[in-house]
Amino acid sequence: MGTRILLKPAAMPRIADVLHTLFATNEPLDLVLTRFFAKDYRQRVNGRWLSRDEAVAHFEHLQKIVNTVQVRVLDELIQGLKYADRHVVTVHKKDGSVTVQEVYLFAELDDQGRFRTVEEVTLMLEGTVPDQMIGYAAS
């Protein structure tokens, strides 16, 4: 079992909550973005930076190709406006294929508890070569 250290108000998001909301609810994407992501949000995956608009295109693409997502948080630390976790994400795609990735995530939150920056490094545990880009792919 992993380590979980929470030094935060209960309202601050966890990445597992964000991914669940993006892929397991029918909540409109614009509402999810407003709730979980700051207006100046940026994301870096395996060294590649995405602007907020590019991240939105990425989320839209994933919603088209993903059937379900399961997230298992192995370690998590939230202290002040800093968030870090290590999680395994299993993605069941609409084409029937599955990809599994271990993700090391470091983030900064804004003063409202929304993600301002997310920096991730991923390790593919199962999947195909194109699945290595699933962390930043867009259509």
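The buried residues of helix α1 are Ile-15, Ala-16, Val-18, Leu-19, Thr-21, Leu-22 and Phe-23, where buried means under 20% relative accessible area, exposed over 50%, and partly exposed in between, for a 1.4 Å probe and protein chains only. With seven of its ten residues buried, α1 is mostly covered. This is a predicted model, in which local features need pLDDT of at least 70 and side-chain atom pairs count only at pLDDT 80 or more, while totals for chains, interfaces and linings use all residues. Residues are numbered from 1 along each chain as its sequence is written, and side-chain values use heavy atoms, with hydrogens and water left out. Helices (H or I, at least four residues) and strands (E, at least two) are DSSP runs, numbered from the N terminus.

The packing of the helices can be followed from α1 onwards. Two packed helices are described by the angle between their axes and the distance between the axes. Axes here are lines fitted to C-alpha atoms, for helices over the stretch in contact, and angles run from 0 to 180 degrees between N-to-C directions. The axes of α1 and α2 cross at roughly 170° and come within 10 Å. That makes α1 roughly antiparallel to α2, given that angles under 35 degrees count as roughly parallel, over 145 as roughly antiparallel, 65 to 115 as roughly perpendicular and the rest as oblique. On the α1 side the contact is made by Asp-17, Val-18, Thr-21 and Leu-22, and on the α2 side by Leu-29, Val-32, Arg-35 and Phe-36, contact meaning heavy atoms within 4.5 Å. By class, these residues are five nonpolar, one polar and two charged, where Ala, Val, Leu, Ile, Met, Phe, Trp, Tyr, Cys and Pro count as nonpolar, Asp, Glu, Lys and Arg as charged, and the others, Gly among them, as polar.

Helix α2 (residues 29-36) also packs against helix α3 (residues 52-65), at an angle of about 130° and with the axes 12 Å apart. The two helices are therefore oblique to each other. Leu-29, Leu-33 and Thr-34 in α2 meet Arg-52, Val-56, Phe-59, Glu-60 and Gln-63 in α3. The residues of this contact divide into four nonpolar, two polar and two charged.

Helix α3 itself has 14 residues and reaches 20 Å from its first C-alpha to its last, close to the 20 Å expected at 1.5 Å a residue, the expected span being 1.5 Å times one less than the number of residues. Its buried residues are Ala-55, Val-56, His-58, Phe-59, His-61 and Leu-62. What covers them includes α1 (15-24), α2, β2 (37-45), β3 (48-50) and β4 (66-79). Ile-65, which also has its place in α3, is partly exposed, with a relative accessible area of 25%. Leaving aside its neighbours within four places in sequence, Ile-65 is in contact with Lys-93 and Lys-94, and its C-alpha atom is separated by 9.0 Å from that of His-92, 27 residues apart along the chain.

Strand β4 holds both Glu-76 and Leu-77. Glu-76 is buried, with a relative accessible area of 3%, whereas Leu-77, at 36% relative accessibility, counts as partly exposed. The C-alpha atoms of Glu-76 and Arg-14 are separated by 8.7 Å, although these residues are 62 apart along the chain. Leu-77 and Leu-125, by contrast, are 48 residues apart in sequence and 23 Å apart in space, C-alpha to C-alpha.

The loop between β2 and β3 contains Asn-46, which counts as partly exposed at 36% relative accessibility. Most residues other than glycine have a negative phi, and most peptide bonds are trans. Asn-46, although not a glycine, has a positive phi of about 50°.
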